[in-house]
Amino acid sequence: MDNFLQSLKSWYFSLSPDGQVVLWGVVKILIVVGVVQGLVAYSVLAERKISAWIQDRVGPNRTAPPFAKYIPIIGPALTRWGMFQPLADGLKFMFKEDFTPAGVKKIYFFLAPAVSVIPAMLTVAVIPFGSVMGHQKMVIADLNVGILYTFGIVSMGVYGIVLAGYAANSKYPFFGGIRSSAQMISYEISMGMSVIPVLLIVGNLNLNAIITWQSTHGWLVIYAPLAFVIFMVASFAETNRTPFDLPEAETELVGGYHTEYSSMKFALFFLAEYSNMVASSAMMVTLFFGGWTLPFWGLDHPADSIGMGILHILVFLAKMCFFMVVFIWVRWMFPRFRYDQLMDLGWRRFLPLALVNILITAVWLWMRS
Amino acid sequence: MAITVNRKPLTFWEKLYLPAILGGIKVTTKHAWGTLFQGKKVTMEYPEQKWTLPAGYRGAPYLVKDQDGDTKCVSCQLCEFVCPPKAIRITPPGDSGQPADRTNAEKMPQEFEINMLRCIYCGFCQEVCPEEAIFLQKDYSLTALSRGELIYNKEKLLELGGVSPGIQKWKHKQEEAEAQENFPVKV
């Protein structure tokens, strides 16, 4: 074992600095993607549990592998909480028949799930999920234009859905695709506009810089509460969550854009939706709620030990999970918007509001300087 | 003739959606709290908890024994004939068959089978039985690993059916007969 570690160490130091960066990049990508997938799996469980509680039910509490009942106390408890349910869900998706209906446009039909899941996974690349551990910054890509990158990638998410609606070659998915293209493009504008006050206040597009600014001045939600509200509502619309889930309105459109999909392809759309939720929550935490910092216990500056580094990551995850719960909670709180109300809210309420907010923030900053 | 429904225009607060949001938070929190901490869930966790079945519930039909533990069925085959889905099959004892368990009965079935997969729980067999030998009981969850296992034979039906003493309908006849004794009713 020692020998192995020694050889690993010497191999690492024999790499060029660029090689070391690439190696760490790959390691971080693997870990982050794994964590996001795990979060997605368990947020599906959270969705089912929370919806159950709100509707006076118990939720999934039976699924368990055969060995679970032999673990004293913990095993039955985990079963009660439905902790094994995501495993069963995943297995189910894998073993289901991957059915391709006769009428679909084959190439687009295969392409659409990939096109919708890739942007969802790419968004997390720029989000700083922790301060530092050792010499490694806890962010996959410390881009100077982090926010612009995010908006660029997020706006690609719509293509997967539109393509799925088009490829299915049947009317309900088509309606879903049409709705989502209109909805997501409309709300992207207010979303983009809502962040500008944040950028004006901080004066930097780098997400790490935004977090550093917040650790000295306080969370940005205090400075730009209106921006936060608009950003949150717009991110609900962007991720197709209730009350803006028109693209996948089950009661109206059978299943929306993914009606014709089954098995793993359907699972990819599912994954994309929940990854988008994770990414939106992460963005909200980073932009408005101080990212990995907490204003006390000395958690507001980059970590100087591994333990503090881990603590920062946990703080970030906790904040993110809070917003995930909000996402889920809201789904079981409100009915869906009508289509014209949705457009009205996006174009005639939030867009002017966001613009006014930019103006007010700019004037306020100008008065202070 | 079209009817115009008066819709009140939304007030300023309502247009902000804020009262609706607060109301939603209130309702969902109340329900989640009640389910989580006050045990107000409406789910009945089935295999552990079960319904209390109402009187007169029509479950699976089983054969019953009388108070002496004898087979009440006399193999008249009325239930077999009346059974709409043809779930019952009776093999009569024939000329040289086994004599009936109980006295006063001419015969009893050599084999009595109910296919529980065919049975529709209509209760006609119970209604038609002159000997009150078959009753719809309170079993509703019959499971098996094969179709064959769900064809219940006489032995199993008798075992599941339990005991139902006497034949109540003769009691009524008896009362009638006794009433005949002092027929011209004295007013």
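Two strands pair if DSSP finds at least two bridges between them. Helices (H or I, at least four residues) and strands (E, at least two) are DSSP runs, numbered from the N terminus.

The model is predicted: local features need pLDDT of at least 70, side-chain atom pairs count only at pLDDT 80 or more, and totals for chains, interfaces and linings use all residues. Residues are numbered from 1 along each chain as its sequence is written, and chains are lettered from A, ligands numbered from 1, in the order in which they are written.

**Stop 1: the sheet in chain B**

Select β3 of chain B, residues 111-115. This strand pairs with β5(B) in the antiparallel sense, over two bridges. Pick Ile114(B): its bridge partner in β5(B) is Tyr152(B). The three strands form an open sheet in the order β2-β3-β5, with antiparallel pairing. Its edge strands are β2 (88-91) and β5 (151-152) of chain B, each pairing on one side only.

Next, select α5 of chain B, residues 154-161. This helix packs on the sheet and touches β3 and β5 of chain B. Two residues are in contact if their C-beta atoms, placed from the backbone, lie within 7 Å. The direction of α5(B) makes about 75° with that of β3(B). Axes are lines fitted to C-alpha atoms, for helices over the stretch in contact, and angles run from 0 to 180 degrees between N-to-C directions.

**Stop 2**

A residue is buried if 20 or more other C-beta atoms lie within 10 Å of its own, exposed if 12 or fewer, and partly exposed in between; C-beta atoms are placed from the backbone.

Go to Arg147(B), in the loop between β4 (134-136) and β5 of chain B. Arg147(B) has 10 other C-beta atoms within 10 Å, so it is exposed.

Move to Ser75(B), in the loop between β1 (61-63) and α3 (78-82) of chain B. Its phi is positive, about 60°, although Ser75(B) is not a glycine. Is Ser75(B) buried or exposed? Ser75(B) counts as buried because it has 24 C-beta neighbours inside 10 Å.

Then take Lys86(B), in the loop between α3 and β2 of chain B. Lys86(B) is also a residue other than glycine with a positive phi, near 55°. With 10 C-beta neighbours inside 10 Å, Lys86(B) counts as exposed.

**Stop 3: the contact between the chains**

Show both chains. The contact takes eleven residues from chain B and nine from chain A. On the chain B side, four are nonpolar, five polar and two charged. Ala, Val, Leu, Ile, Met, Phe, Trp, Tyr, Cys and Pro count as nonpolar, Asp, Glu, Lys and Arg as charged, and the others, Gly among them, as polar.

**Stop 4: a helix pair in chain A**

Chain A has 14 helices and two strands. Select α2 (residues 17-54) and α12 (residues 263-288) of chain A. Their axes come within 9 Å and cross at roughly 105°. The helices α2(A) and α12(A) are therefore roughly perpendicular to each other (65 to 115 degrees; under 35 counts as roughly parallel, over 145 as roughly antiparallel, the rest as oblique).

Display the side chains. From α2(A), the contact includes Val36(A), Leu39(A) and Ser43(A). From α12(A), look for Leu271(A), Tyr274(A) and Met277(A), among others. By class, this contact has eight nonpolar, two polar and no charged residues.

Zoom out to finish. Buried residues make up 41% of the 369 residues in chain A.
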